[in-house]
Amino acid sequence: GAVVHAVRIAPESEWAAFPGPAPPIRVPHSLDEADRRPLDEAAEIAREWHVPMRTELLTGNTVDEIVAYADSVDADLVILGLRGHGAITGTVLGSVSLGVLHEARRPVLVGRGEKAHELALARSA
């Protein structure tokens, strides 16, 4: 009887480069089809498997938005993918999964997506 909530967090702003010697500047991010596409794809898979799903496209700080959304829907579990950039990249850029683990007031499951992909490929062979 559970409902899956798929959430994607788009940035509020992005870097824009201009020709010439001017340094890049931050400009507001305009939500577009590319922001929505992963949610639409997830919803399609959920429909194929008859899994009730709601999707939400949000903007802002990724960790804060995930934690706030999970609280707002009283989520039983937060599931996150792990990109696995490595310790140095994670330290420099920060880790969404680590941030959610520290901030969330509910259970969090972090999984590596490539293993699921490998399993799916092995099953189809």
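Read along the sequence, the protein follows the pattern β-β-β-α-β-α-β-α-α-β-α, with 5 helices and 6 strands; helices (H or I, at least four residues) and strands (E, at least two) are DSSP runs, numbered from the N terminus. The model is predicted, so local features need pLDDT of at least 70 and side-chain atom pairs count only at pLDDT 80 or more, while totals for chains, interfaces and linings use all residues. Residues are numbered from 1 along each chain as its sequence is written, and side-chain values use heavy atoms, with hydrogens and water left out.

Buried residues make up 20% of the 125 residues, where buried means under 20% relative accessible area, exposed over 50%, and partly exposed in between (1.4 Å probe, protein chains only).

Helix α1 comprises 16 residues (33–48), and at 1.5 Å a residue it should span 22 Å, in agreement with the 22 Å between its end C-alpha atoms; the expected span is 1.5 Å times one less than the number of residues. Within α1, D35, L39, A43 and A46 are buried. Seen down the axis, the buried residues of α1 fall within an arc of 55° and therefore line one face of the helix; the arc is that of the directions from the helix axis to the C-beta atoms. These buried residues pack against β1 (4–10) and β4 (53–59), with contact meaning heavy atoms within 4.5 Å. Just after α1, H50 takes a positive phi of about 60°.

In strand β5 (residues 78–82), L82 is partly exposed, with a relative accessible area of 31%. L82 and R112 are 30 residues apart in sequence and 4.9 Å apart in space, C-alpha to C-alpha.
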